[in-house]
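I am opening a notebook on a structure that I have not looked at before. I will write down what I look up, one topic at a time.

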Amino acid sequence: MPTPSSQPFCASSIIGTGSYMPAKVLTNDDLSKIVDTSDEWITTRTGIKERRIAAPDEATSDMAAEAARRAMADAGVSAEDIQLIIVATVTPDMFFPSTACFVQKKIGAVNAVCFDVSAACSGFLYALQVARHFINTGNRITALVIGAEKLSSLVNWQDRNTCVLFGDGAGAVVIRRACENEPEAQGRVLSTVMGSDGNLTDLLKVPGGASACPITPENVASRPNTIHMEGRETFKHAVTRMLEASQQALEMAGLSAKDVSLVIPHQANARIIGAIADRLGLPEEKVFMNLDKYGNTSAATIPVALDEARRAGRIKKGDVVLLVAFGGGFTWASSVVRW
Ligand code: ACO
């Protein structure tokens with residue numbers, strides 16, 4: 001009998017990744033023709049140069065389904081192998097059915113249980129943790145965890161404070177239990193921490209269009225169904241919470257910042273990311289950023305960045321990857337993954 005220490009380490013493992021970004025590019029210069037802004041202001045305050053905008057007939061589930069197909073191809077699994085689909089989104093196709101059910105139909109994952117998770121920009125890491133719990137109950141299930149957003153449908157294109165920040169896109173991972181000696185074991189999730197502070201719901205929200213404030217002929221002109229944000233306050237909380245969550249997730253995994261090979265943070269603002277990297281003592285080359293191309297795609301930023309980092313060869317076997325997010329709620333989360 002092997003001793004416990006000689007047994008292979010098994011964990012919920014990311015066995016494939018995929019992403020999809022819509023074709024239409026909206027540059028900072030394009031935006032400066034719509035609102036009173038400039039490429040210089042947006043670049044220096046945020047790091048964003050351009051973002052992608054979905055076609056009018058392209059729903060969140062269309063982008064999610066394409067990201068899912070690419071992740072399944074990468075993992076070498078078929079749609080019939082998928083037993084769970086979780087979509088993290090704040091821009092669902094409809095209030096119901098869930099976007100995950102639309103994805104199921106589009107990819108033909110007939111054996112899957114499907115639902116959505118709403119945790120704004122932290123949604124993907126929340127969904128990843130939910131999938132981990134399913135897997136840890138002992139079921140050898142294969143799950144698709146997707147972050148997908150059509151934020152262009154929630155943006156007030158007359159509000160320069162917010163419209164310059166957001167974009168559309170989708171990223172997906174296939175996750176199942178795998179052991180370190182199995183070839184499919186790639187990104188083994190070592191730890192996850194999550195947090196929420198519902199006292200701060202007012203700082204970042206879409207106040208209208210749902211049960212608390214339905215859209216009426218009287219209120220429609222004030223655009224309550226668009227993103228409202230206190231930018232400076234959000235910025236401060238994001239830095240504090242993302243730093244804390246990163247440190248806690250590393251500690252839970254028995255690691256420290258010096259063990260991190262690459263951090264993939266939620267892509268909201270290059271200054272937020274820089275502040276966190278500085279406090280963790282991580283040099284620029286260990287921080288993955290693609291927000292210059294895509295802006296903030298909320299729940300999609302981390303799976304899209306993870307997929308791009310892998311395909312660009314930025315993640316090698318044995319690497320420790322730190323994922324960390326912050327978003328409306330407020331919500332925050334961090335995961336440590338060993339490749
Ligand atoms: N173009 C030109 N001027 C602008 C623009 C713009 N697009 N937007 C705001 N301004 C002006 C403001 O009106 C203000 O002018 P005033 O001084 O005359 O009043 C001035 O620029 C400074 O505005 P601030 O809001 O103080 O600028 P700040 O440096 O805080 O940057 C920003 C704003 C980029 C929104 C920043 O606060 C931020 O990134 N916050 C984090 C918010 C975020 O990322 N939210 C996304 C969801 S949560 C998350 O993902 C982390």
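I began with the buried residues of α4 and looked up what covers them: the cover includes α3 (60-75), β4, β5 and β6. Helices (H or I, at least four residues) and strands (E, at least two) are DSSP runs here, numbered from the N terminus. I noted that this is a predicted model, in which local features need pLDDT of at least 70 and side-chain atom pairs count only at pLDDT 80 or more, while totals for chains, interfaces and linings use all residues. Residues are numbered from 1 along each chain as its sequence is written, and side-chain values use heavy atoms, with hydrogens and water left out.

The buried residues in α4 are Thr99, Ala100, Phe102, Val103, Gln104 and Ile107, where buried means under 20% relative accessible area, exposed over 50% and partly exposed in between (1.4 Å probe, protein chains only). Lysine 106 also has its place in this helix, which spans residues 99-107, and at 34% relative accessibility lysine 106 counts as partly exposed. Leaving aside neighbours within four places in sequence, I found lysine 106 in contact with Ser61, Asp62, Ala65, Arg69 and Asp93, contact meaning heavy atoms within 4.5 Å. After α4 comes glycine 108, with a positive phi near 75°.

**The sheet**

Next I looked up the strand order: 9 strands form an open sheet, β5-β4-β6-β7-β1-β8-β13-β12-β11, with mixed pairing. The edge strands are β5 (113-117) and β11 (262-265), each of which pairs on one side only; two strands pair if DSSP finds at least two bridges between them. From one strand to the next the twist averages 25°, with axes being lines fitted to C-alpha atoms, for helices over the stretch in contact, and angles running from 0 to 180 degrees between N-to-C directions.

In it, valine 320 stands opposite arginine 338 in β13.

Which helices lie on the sheet? Helix α5 (residues 123-136) lies across β1, β4, β5, β6, β7, β8, β12 and β13, and runs at about 120° to β8. Helix α10 (residues 301-311) packs on the sheet as well, touching β1, β6, β7, β11 and β12, and its direction makes about 90° with that of β1.

**Aromatic pairs**

My search of the whole structure gave 3 aromatic pairs; rings of Phe, Tyr and Trp (its six-membered ring) pair if their centres lie within 6.5 Å, and planes under 30 degrees apart count as stacked, over 60 as edge-to-face and the rest as tilted. Phenylalanine 326 and phenylalanine 330 form a tilted pair, 4.7 Å centre to centre with 50° between the planes. Phe326, Phe330 and Trp332 form one aromatic cluster. Phenylalanine 326 is buried, at 4% relative accessible area, and phenylalanine 330 is buried at 1%.

**The whole chain**

Lastly I looked up the chain as a whole, which has 10 helices and 13 strands. Its radius of gyration, taken over C-alpha atoms, is 19 Å, close to the 20 Å that the globule rule (2.2 Å times the number of residues to the power 0.38) gives for 339 residues, so the chain is as compact as a globular protein of that length. Of the 339 residues, 56% count as buried.
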